[in-house]
Structures are given as C-alpha cells and as structure tokens.
Amino acid sequence: MTTPDPALGTKSSKRLLAVVGFLVFVEFSSGFLQGYYVPLLDGIRDSLGVSDASIAWFITVQTLTAGVCVPILSKLGDIFGHRRMLRIGIVAVLIGTVLVALAPSYPLVLLGRVLSGPLAVWLPLELAIVHNQIKGETARRAIGMLISALTIGALIGSLAAGLFSSVLPSTVAQLLVPVVIVAISAIFVFTLVPESTVRTSPTIDWLGFILLALFMLALLAGINIVTAQPVAGAVLLVVAVVLIGIFVWWELRAKVPALNMRLLTSNRLWPVYVTSFLFGMVLFGTQSITTTFLAGKPELVGYGFGLSAGVISLTTGANMLLAAVGAAIYSFVARATSLKGVLMIGSAVIALAQLLLIFGHASLVFVVIGIAVAGLGSGLLLGGLPAATTESSPADETGIATGVYNSVKTLGGALAGAVFAVVLGIFVIPEAGASGLGGYITIWAICAGATGICPILLSVIRTPDKGESHDQTAHQGENDNLAEAALPAEEARPGQDTRPGEDTRPTSAV
C-alpha cells in the first residue's frame, strides 16, 4: 500500500485555497457592481439628458434580464459545465459595463444593462463549482467566504461610487471603474478557475426554458408596474399565472425537464425555497423603508430621527457588515447545531429584529440595534440557504437548484416592493406627502410574520439518517478529497461525462 505524500496533500490544499480565493474576488466584483451604480444614477441621468422615469429603467432592465438568465444559464451549466457558463456570463457583463461607460445614447446604455443581466447567475455557478470541487466543512466555509465577499463588495462599491464621483472629472471615467474590476475577474475565470466534472443529460428542454423565461418576464414586469399602471400590471400577473401553470404541466411530463419539479418540491428543498422567498421579501423589500424611516422628520410626520444621508449610510453599512459576519460564521454555527439549525436561528433572529423595530421605533438606539441584528440574521441565511440547496441537490443538478434559490429570493423582494408601496400609500399623510407611522409598523409586522413562520417550515426538512451525516462524509478522507479537488478537471463533453449514477460522492441532506 502506497503512503500518500504529505507534501503533495499540502500543495494541493494550498492550490485549492487559491482557487476559492479567485472565486471570492469574482463574487466581490459582483457585489461591487451591484453597489456601485445606484449612487451614480443622478450623474448618469444628467450626462445622458434623460428623465427620472427613464433612468428607472437602468435598474429595471437589468433585473428583468437577470430573472430570465439565472435559471437558464444555471441549467446550461449543469449540462455543459459551470465554468463555461460563468465565462459566458462574465464576458457578457464585461461588454455590458463597457457599453454603459462609453455608449453615446441611452438605448445603447440600456443594451449594456441587458448584457449585465448574467451578473446574477455568477453566484449560482460559483456555488456549483465549489460543490463539485470541495466537500464537507471546507465547502461550507468556502460558501460563507463567497457570500461575505458579495456583501462586502456591495458596501465597498457604494462607498467607492461616492469617492470616485468626487475625484474623477467625468461620468465616463467614473463608469470605467467597474470595467477594470470585471476585466480582472474575467482573467481569473479564464485562467485559474477549474471546470466542474459532473454533467446532467445533454438534452435541452427548449419549450420549458421558453415558458420559464416568459413567466419570469411577465411576473417581474407585472410586479414592477402594477402600482403605477394597475390594469396593465394585473394583466401581466394573470399571464404569469397562466404561464407557470402550463410550465408545471409540461415539466411534469417532459422526459428531461428544464426544472425537476419533483426534486424542487421534495421535503429536502421546498422549505428552503419558501424560506428564501420570504427572506427575499425582508432583505430587498425593506431597504428603502429603512432609509425613509430614519430620514423622517418627527415634527412633520410623527416618526423618524431626521438623519442625514451620511449618517443613514453608516447605519445601513453596519447592517451589511454584520451580514458579512453572519455569512462568514454560519458554517461554525452549523457545526455546533446543524445546517437546518442555522436556518432556523437566522430566520428567528430577523423576526425578533422586526419586533424590536415595531416596539422600539421611538428610540434611535433600539432602531439601530434592530437594523444591526437583522443584518446578522440575514448573513446566517445568506450563507446557510445556498449551502442547504447545494447539499440537498443531486451532483448533476446543483447549478439549477442554486439558480432557483436565487430566483425565488429575487421574486420575494420584487413582490415585497410592490406590496409595501401599496401599504405605505394606504397610510399616507396628505399634508406631509409621506406615509404615516402605521405604514412602517404594518410592513415590519408583515416581515416579522414572514420570517417568524420560517422555523416552522424548516422543521419539516428531511434530515439524514445516521451514517449519512454531512460531517461524517466531510471528515472521511478529507486530505484525499482536497488533493483530488485541487487538480483542474478536464472539460467534459456532454455524452462522455460522469453520469449521476457514477458519481461516488453521496448527496447529503440538510
């Protein structure tokens, strides 16, 4: 029996760590872009000479494109290779950022934003690569690093936008900064990131993908316009319901479906997806709510603290930093409890934070604590939810499983944005032109209820039997696994790749 060379194992482990580090930078770049553009919207609007209504499409078209891209590119990653799709996605975003910076007209700028839609699929593809290359506790820590990098990148991107807007002379120069960041990430992905090795069936369910894309477009567009144009929005939402019904009917009968509905609705995954949707409502739906509440002048509207934009940014920055901390430590909490325990703790912490906002809204200290605590709970979910998704999905369906997680989280945020706008409108104070306190309390109550039921939903997750635990799988032969994973895999061709039944790695439950 040959004794493994310890030096080889150490060298392979270091190489694997380097690969994770490159992916961390790529995800940092994703967060940077997401945080960078929003503070510059006024400057972009003025430089292009467009209206406030028109500049809103700068964000909207990217969101709509992302909704279509995420499930499709995630599934194609399972078929043709996750690194290959990541390369395509990063090239598209690079071209998009160049167009946004240099395009002479607003329609071309919007085309650049359309090409930037695949930015949202970077994370699902990276998670699939990590899941394929690394096992056990190491994989969980790697996922936490990716999520932390995304969160910190968004914070630094927002701060960098303010800095570069003051030191760079033109809007074009300011918009070239993301081009540099994405270009560096592209170099990493094309030269240093290994390909995943497991493939699913090469058959593509084109009708299923078309129905799914049309559903996402109709749903997101309907949610976006329903408050401003109720009739058109309602028609689009009805169309979306019809499309999803046809889609599910087709997928249950397709030999090789675009989405494995039986897997997605299993006890291992549906509680995770429902939690992701409800969490998305809180994560994305309350961002502007927090800002307007803190900025409210109590002498005019009866609530708020009249804080300046700079002070508010510090408060929201603390929320994002604690979210990064939560994502970084979720694997350690999971080791002490379980992955299901992390999800239950994270959602309960967010619910408690919403209750603190409801009952302590008159105190700035309580409000800041509530916002910070919500950030910590969000970090636990941001790390734990994708980890639960990857560990509960078959090796050849990791990409689409994480893509669906990302999509349902986004849909939750989009729905919450529309619902919360209606809630604030119901409690509006005409003389002040702003919502009353009742609107904010109602929203916090909705968020508390949404996250408060998540531990109940998560309790039905099917846990592994004895002998199948994640930790046991993780620690057996860990050095050999690291040594194998560190070696860049050859790109496998559909039809000649490892089949799901041939993969020797067990699919662990949550």
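These legends walk through a few close-up views of charged pairs and cysteines in a predicted model.

In this predicted model, local features need pLDDT of at least 70 and side-chain atom pairs count only at pLDDT 80 or more, while totals for chains, interfaces and linings use all residues. Residues are numbered from 1 along each chain as its sequence is written, and side-chain values use heavy atoms, with hydrogens and water left out.

**View 1. Asp-42 and Arg-45 pair up within helix H2.** Welcome to the first close-up. Asp-42 forms a salt bridge (a side-chain nitrogen of Lys or Arg within 4 Å of a carboxyl oxygen of Asp or Glu) with Arg-45. Their closest N and O atoms are 3.5 Å apart. Both residues belong to helix H2, which spans residues 41–48, and they sit three residues apart, about one turn of the helix. Helices here are DSSP runs of H or I with at least four residues, numbered from the N terminus. Asp-42 is partly exposed, at 49% relative accessibility, whereas Arg-45 is buried, at 18%. For these labels, buried means under 20% relative accessible area, exposed means over 50%, and partly exposed lies in between, using a 1.4 Å probe and protein chains only.

**View 2. Arg-45 also meets Asp-46.** Stay with Arg-45 for this one. Its side chain and that of Asp-46 form a salt bridge at 3.1 Å, N to O. Asp-46 is exposed, with a relative accessible area of 53%.

**View 3. Glu-137 and Arg-335 link two helices.** Now to another part of the chain. The side chains of Glu-137 and Arg-335 come together in a salt bridge of 3.6 Å, N to O. Glu-137 lies in helix H8 (residues 136–167) and Arg-335 in helix H17 (residues 309–336), so this pair ties together parts that are 198 residues apart in sequence. Glu-137 is buried, at 3% relative accessibility, while Arg-335 is partly exposed, at 45%.

**View 4. Asp-42, Arg-45 and Asp-46 form one network.** A search of the whole structure finds four salt bridges.

**View 5. Cys-447 and Cys-454 are buried.** We finish with two cysteines. Cys-447 has a relative accessible area of 1%, and Cys-454 likewise has 1%. The count of disulfides (pairs of cysteine sulfur atoms within 2.5 Å) comes to zero.
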